[in-house]
Amino acid sequence: APQMTHTAPLDLRSRAADAVRACGADIPSGDDVPALSPVDGTVLHTLRASSPEDVAAAIECAQQAFSQWRVVPAPVRGALVRRLGELLTEHKDDLAALVTIEAGKIPSEALGEVQEMIDVCEFAVGLSRQLYGRTMPSERPGHRLMETWHPLGVVGVISAFNFPVAVWAWNAAIAFVCGDTVVWKPSELTPLTALACDALVRRAAAESGAPDGLHAVLIGSGSVGGQLVDDPRVALVSATGSVRMGREVGPRVAARFGRCLLELGGNNAAVVTPSADLDLAVRGIVFAAAGTAGQRCTTLRRLIVHSSIVDTLVERVADAYRQLRVGDPFEDGVLVGPLIRERSWQAMSAALDRARTAGGTVVCGGDRMDRDGVYATPALVRMPSQSEVVREETFAPILYVLSYDTLDEAIALHNNVPQGLASAIFTLDQREAERFLAADGSDCGIANVNIGTSGAEIGGAFGGEKETGGGRESGSDSWKAYMRRATNTVNYSTELPLAQGVRFGR
Ligand code: UN1
C-alpha cells in the first residue's frame, strides 16, 4: 500500500478533483495507485488499478467497436475528432491545471500542451478527407492499379508522464480518423489527467454518434501495459518512454507480428557556430535545456560550441540560468517546476558526480532545494570530452557543454550518441546550416536551424532514429502507421494478360 507521508493541502487535492469532475470523469477509488503531485509530493487520490480482466475487457470492447467504426466514412469519423477538439478547448483550463498538478509543468507550458491536443484534432479533422492512396499506371491494357488505405484495428497507446496528454492526442486523434479504436495506458504518475481526457472522448463519441467502447483508459504500471503489448488483438502498439521500455516492447510486439511505433529517449544537441546570433541562441538554449525542468524527450542536453565563442556563450547561459526562478509552478514568474519524483534527483546527482569524475566542471546549478517536492536548479556543466555520462540520457535538467574547432568535428560529436531524436544548429552561415540538414549532417529525426531542439509543432512528423526507436507520430504522413495499405489491380478488359509478359498455356 502507498505511504501517505503528508496530508495533501486541500487546495491541490480539491483543485484536481474539481477539474476531473468538470471534465465529466469519475475517479475509480481503490488502494493500488497513488496519484501524487510533484508540486509538493503529496497524495491527491488513490486509485484502483485495472485488473487483467479489465484490460482484456477493454481490448474486447475496442475490438467490437472497431468492426463498426471502420465502416463509418472517414469524413464522418472526423466529426468525433472535431467535437473532441471543441471539448478540449472548452476544458482547456481544467486540463492544464491537471497537467500542472500531476506533471509539475508551469501553467504556460501546461496550456501549450492542451493546445497541442487541440491542434492535432484540427489536423486530424482535415486529414479525414485526405487519406490519399495513389493510382499507378498499369503495364497491362484495360487494367487499373491503385492502393487503398484501410483502418488497422485496436491501437494500444502507452504514454509517459512528461507529456501526459499531448502524446496521447497525437495518437488518438489520428487513430480515430483512420478508423481505429484506442486503448490507452497512461503513465501511472498522471492518471487523473488521463481519466479527464477519457471522459471527454466518451462525451464526444456519444454526441457525434460514434460507437461505445472506441476508447478506454487503463490505470496501472508496466504489467498493464505488458498485457496490451502481448495481446494479438492490439494491431499497433504506440509507445513513448525510455529506451529500456522500448527494448522490451519492440521484440514482444514483433514476436506476434504486431506493429510497433516507438518514441524513446533523446540526447539532443545544438551546435553553435562562430556566426551565430548569440542573443537568440541563448534564449533558444535556455528554453530547450531548462524548460519543463529538463524533462522533455526533446530537451537540449548537449551544447557543441566553437572554441572561439565557448567561454562567452557559457558565461551568458550561466547568467540566464542564475536568473531562472525554480519553484512551485503555480507561482508567478516561476519558469522551472519540480522533477517528477525522488528517483529523478538521484539520477541527476549521480550523473553530476560522474561528470565531475570525468573531468567536468559544474558552472552553475545542480543543487537540490530544501522544500517539499523535488526541486533542483538546472545544471550547466563543461566537459573536456563526450564521456560516457554525456552519451546517456538523464531525464533531468543537465546541459553539458563541449567545444569544437571544425564543423566536421562538431557533426561527428553530435552524431556520436546512441539516440537520434532532436537537433539544432545556431548559425547565420547558410553553408553551415545546409550542411547540418544534409545527408551527412545531423542524423536525427528532427533537425532545426536557429531554434532549440524542443517545442515542435504538430504539423511535422515527430520522432527519431537509432535508439529513439524510428517511429513517427503526429503530422505529415504519420497517419500511414495507423492504417493498412491494400494494393488493388482491377481488370476491366475482356482479356487476361499476365504481368511481366508471362504466358501460361494458350
Ligand atoms: C515528448 O517529450 O515526449 O517537441 C514530446 C516538443 C513537444 C513534444 C515533446 N511538442 O518538445
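Author: On a 1 Å grid over the protein atoms alone, a cavity is a set of points where a 1.4 Å probe fits but cannot get out, while a pocket is an open set with protein on both sides within 12 Å along at least five of seven lines. Lining residues have an atom within 4 Å of a point. This is a predicted model: local features need pLDDT of at least 70, side-chain atom pairs count only at pLDDT 80 or more, and totals for chains, interfaces and linings use all residues. Residues are numbered from 1 along each chain as its sequence is written, and side-chain values use heavy atoms, without hydrogens and water.

Reader: How many cavities of 30 Å³ or more does the structure hold?

Author: One. The largest cavity has a volume of about 80 Å³, where volume is the space filled by probe spheres set on grid points joined across faces, edges and corners. Its lining has 14 residues, and Ala103, Gly104, Lys105, Thr292 and Gln295 are the closest to its centre.

Reader: What makes a residue of that lining nonpolar, polar or charged?

Author: Ala, Val, Leu, Ile, Met, Phe, Trp, Tyr, Cys and Pro count as nonpolar, Asp, Glu, Lys and Arg as charged, and the others, Gly among them, as polar. By that rule the lining of the largest cavity has seven nonpolar, five polar and two charged residues.

Reader: Which residues lie nearest the centre of the second largest pocket?

Author: Leu36, Leu189, Ile340, Arg341 and Glu342, out of 22 lining residues. The space in this pocket is about 510 Å³. Strand β1 gives the largest share of the lining, five residues. Eight residues of the lining are nonpolar, five polar and nine charged.

Reader: Why is strand β10 called mostly covered?

Author: Buried means under 20% relative accessible area, exposed over 50%, partly exposed in between (1.4 Å probe, protein chains only). Five of the five residues of β10 (residues 268-272) are buried, so the label holds. Asn268, Ala270 and Val272 point one way, Ala269 and Val271 the other.

Reader: How do you know that β10 pairs with β11 and β16?

Author: Strands are DSSP runs of E, at least two residues, and helices are runs of H or I, at least four, numbered from the N terminus. Two strands pair if DSSP finds at least two bridges between them. Five bridges join β10 to β11 (residues 300-306), in parallel. Four join β10 to β16 (residues 422-426), also parallel. Both counts therefore meet the rule. Asn268 stands opposite Leu300 in β11, and Ala269 opposite Ser423 in β16.
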